[in-house]
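I opened this one up today to see how it is put together. My notes are below the picture.

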Amino acid sequence: MTVTPRITHLALHVSDIDACIAFYRDFCGMEVIHERHSAHQTISWMAEPGRETDFIFVLMNGGRDLQLPDNDYRHFGFALESREAVDRIADRAAKAGSLVWAPRDEPFPVGYYCGLRDPNGNYVEFSYGQPLGPGAEDFDKLKRR
(Lines give C-alpha, C1' and ligand atoms only; values in the text may rest on other atoms or scores of the structure.)
Protein backbone atom coordinates (compact mmCIF):
# COMPACT_ATOMS: atom_id res chain seq x y z
CA MET A 1 0.00 0.00 0.00
CA THR A 2 1.37 3.40 -1.01
CA VAL A 3 0.88 6.21 1.48
CA THR A 4 0.66 9.72 0.08
CA PRO A 5 2.63 12.31 2.06
CA ARG A 6 0.49 14.76 4.01
CA ILE A 7 1.54 18.33 4.73
CA THR A 8 1.80 18.92 8.48
CA HIS A 9 3.62 22.20 8.96
CA LEU A 10 5.28 25.20 7.44
CA ALA A 11 8.44 26.60 9.06
CA LEU A 12 9.47 30.25 8.79
CA HIS A 13 12.59 32.06 9.93
CA VAL A 14 11.40 35.51 10.99
CA SER A 15 13.20 38.64 12.12
CA ASP A 16 10.78 39.58 14.93
CA ILE A 17 9.20 36.44 16.34
CA ASP A 18 7.10 38.30 18.94
CA ALA A 19 5.56 40.58 16.29
CA CYS A 20 4.83 37.58 14.05
CA ILE A 21 3.23 35.63 16.90
CA ALA A 22 1.04 38.65 17.68
CA PHE A 23 0.07 39.01 13.99
CA TYR A 24 -0.95 35.36 13.56
CA ARG A 25 -2.76 35.43 16.91
CA ASP A 26 -4.62 38.70 16.19
CA PHE A 27 -5.46 38.29 12.51
CA CYS A 28 -5.60 34.50 12.11
CA GLY A 29 -6.82 33.31 15.51
CA MET A 30 -3.81 31.00 15.91
CA GLU A 31 -2.35 30.16 19.31
CA VAL A 32 1.11 29.12 20.45
CA ILE A 33 0.86 25.40 21.25
CA HIS A 34 4.55 24.69 21.89
CA GLU A 35 7.60 26.82 22.46
CA ARG A 36 11.21 26.09 23.21
CA HIS A 37 14.23 28.27 23.82
CA SER A 38 17.96 27.77 23.60
CA ALA A 39 20.79 30.27 24.00
CA HIS A 40 20.14 31.88 20.59
CA GLN A 41 17.00 30.27 19.24
CA THR A 42 13.30 30.52 19.96
CA ILE A 43 10.97 28.13 18.17
CA SER A 44 7.21 28.57 18.45
CA TRP A 45 4.56 26.26 17.06
CA MET A 46 1.25 27.94 16.23
CA ALA A 47 -2.05 26.36 15.24
CA GLU A 48 -5.68 27.20 14.77
CA PRO A 49 -7.76 25.98 17.73
CA GLY A 50 -8.84 22.41 17.04
CA ARG A 51 -6.22 21.86 14.32
CA GLU A 52 -3.20 21.32 16.56
CA THR A 53 -2.62 17.82 15.16
CA ASP A 54 -3.52 18.74 11.58
CA PHE A 55 -1.38 21.70 10.46
CA ILE A 56 0.92 24.15 12.24
CA PHE A 57 3.17 27.13 11.58
CA VAL A 58 6.64 26.86 13.08
CA LEU A 59 8.16 30.29 13.69
CA MET A 60 11.89 30.58 14.39
CA ASN A 61 13.80 33.73 15.20
CA GLY A 62 16.94 34.70 13.29
CA GLY A 63 15.38 35.33 9.89
CA ARG A 64 15.49 38.33 7.61
CA ASP A 65 12.65 40.57 6.49
CA LEU A 66 11.19 39.77 3.07
CA GLN A 67 10.72 42.51 0.52
CA LEU A 68 8.03 41.14 -1.80
CA PRO A 69 6.62 43.40 -4.52
CA ASP A 70 2.87 44.09 -4.32
CA ASN A 71 2.26 41.98 -7.45
CA ASP A 72 3.97 38.90 -5.98
CA TYR A 73 1.12 36.55 -5.13
CA ARG A 74 2.91 33.94 -3.00
CA HIS A 75 0.97 33.80 0.25
CA PHE A 76 -0.59 31.80 3.05
CA GLY A 77 -4.35 31.44 2.66
CA PHE A 78 -6.99 31.58 5.39
CA ALA A 79 -10.72 31.11 4.76
CA LEU A 80 -13.30 33.33 6.45
CA GLU A 81 -17.02 32.88 7.02
CA SER A 82 -18.27 35.75 4.82
CA ARG A 83 -17.46 38.61 2.49
CA GLU A 84 -18.11 40.96 5.39
CA ALA A 85 -15.42 39.17 7.42
CA VAL A 86 -12.96 39.75 4.56
CA ASP A 87 -13.89 43.44 4.60
CA ARG A 88 -13.42 43.64 8.39
CA ILE A 89 -9.94 42.07 8.18
CA ALA A 90 -9.03 44.45 5.35
CA ASP A 91 -10.20 47.46 7.38
CA ARG A 92 -8.17 46.36 10.41
CA ALA A 93 -5.12 45.73 8.21
CA ALA A 94 -5.43 49.13 6.51
CA LYS A 95 -5.46 50.84 9.91
CA ALA A 96 -2.42 48.76 10.96
CA GLY A 97 -0.58 49.59 7.71
CA SER A 98 -0.39 45.96 6.58
CA LEU A 99 -2.97 45.82 3.75
CA VAL A 100 -1.35 44.80 0.45
CA TRP A 101 -4.35 43.82 -1.70
CA ALA A 102 -7.65 45.59 -1.09
CA PRO A 103 -10.71 43.29 -1.18
CA ARG A 104 -11.49 42.05 -4.65
CA ASP A 105 -13.75 39.52 -6.33
CA GLU A 106 -12.35 36.97 -8.77
CA PRO A 107 -14.07 34.15 -10.71
CA PHE A 108 -14.33 30.67 -9.22
CA PRO A 109 -12.27 29.16 -7.66
CA VAL A 110 -10.60 32.32 -6.30
CA GLY A 111 -13.58 34.07 -4.68
CA TYR A 112 -13.53 37.26 -2.62
CA TYR A 113 -10.22 38.04 -0.91
CA CYS A 114 -7.78 40.58 0.46
CA GLY A 115 -4.08 40.35 1.28
CA LEU A 116 -2.02 41.46 4.25
CA ARG A 117 1.71 41.68 4.93
CA ASP A 118 2.84 40.02 8.16
CA PRO A 119 5.60 41.70 10.22
CA ASN A 120 8.26 39.66 8.38
CA GLY A 121 6.99 40.54 4.89
CA ASN A 122 5.08 37.32 4.11
CA TYR A 123 1.75 37.83 2.37
CA VAL A 124 -1.37 36.40 3.98
CA GLU A 125 -4.65 36.07 2.08
CA PHE A 126 -8.09 36.05 3.70
CA SER A 127 -10.83 34.74 1.44
CA TYR A 128 -14.46 33.73 1.20
CA GLY A 129 -15.95 31.46 -1.45
CA GLN A 130 -12.99 29.30 -2.39
CA PRO A 131 -13.52 25.52 -2.65
CA LEU A 132 -11.43 24.99 0.52
CA GLY A 133 -13.43 26.95 3.08
CA PRO A 134 -16.73 28.58 4.01
CA GLY A 135 -18.87 29.63 1.06
CA ALA A 136 -17.25 27.00 -1.13
CA GLU A 137 -18.91 25.93 -4.28
CA ASP A 138 -19.17 22.24 -5.16
CA PHE A 139 -15.65 20.75 -5.11
CA ASP A 140 -16.57 18.57 -8.14
CA LYS A 141 -16.79 21.79 -10.18
CA LEU A 142 -13.12 22.47 -9.40
CA LYS A 143 -12.05 18.94 -10.36
CA ARG A 144 -13.71 19.29 -13.80
CA ARG A 145 -11.61 22.34 -14.71
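What follows is what I looked up, entry by entry.

**Ground rules.** I'm working with a predicted model, where local features need pLDDT of at least 70, side-chain atom pairs count only at pLDDT 80 or more, and totals for chains, interfaces and linings use all residues. Residues are numbered from 1 along each chain as its sequence is written, and side-chain values use heavy atoms, leaving out hydrogens and water.

**The sheet.** I found an open sheet of 4 strands, ordered β1-β4-β3-β2, with mixed pairing. Strands here are DSSP runs (E, at least two residues; helices are H or I, at least four), numbered from the N terminus, and two strands pair if DSSP finds at least two bridges between them. At the edges I see β1 (9-14) and β2 (31-37), each pairing on one side only.

**β2 and β3.** I checked this pair next: β2 runs antiparallel to β3 (residues 42-47) over 6 bridges. His34 stands opposite Trp45 in β3.

**The core.** Which residues touch the most other members of the largest nonpolar core? Tyr24 and Phe126 do, in a core of 26 residues. Such a core is a set of buried Ala, Val, Leu, Ile, Met, Phe, Trp, Tyr and Cys residues joined through side-chain atoms within 4.5 Å, buried meaning under 20% relative accessible area with a 1.4 Å probe, protein chains only. I noted that α1 gives the most, with 7 residues.

**A cis bond.** I also looked at Phe108 to Pro109: that peptide bond is cis, with omega near 10°. Pro109 sits in the loop between β6 (99-106) and β7. Most peptide bonds are trans.

Technical notes. Buried < 20%, exposed > 50% of the residue type's maximum accessible area, 1.4 Å probe, protein only.
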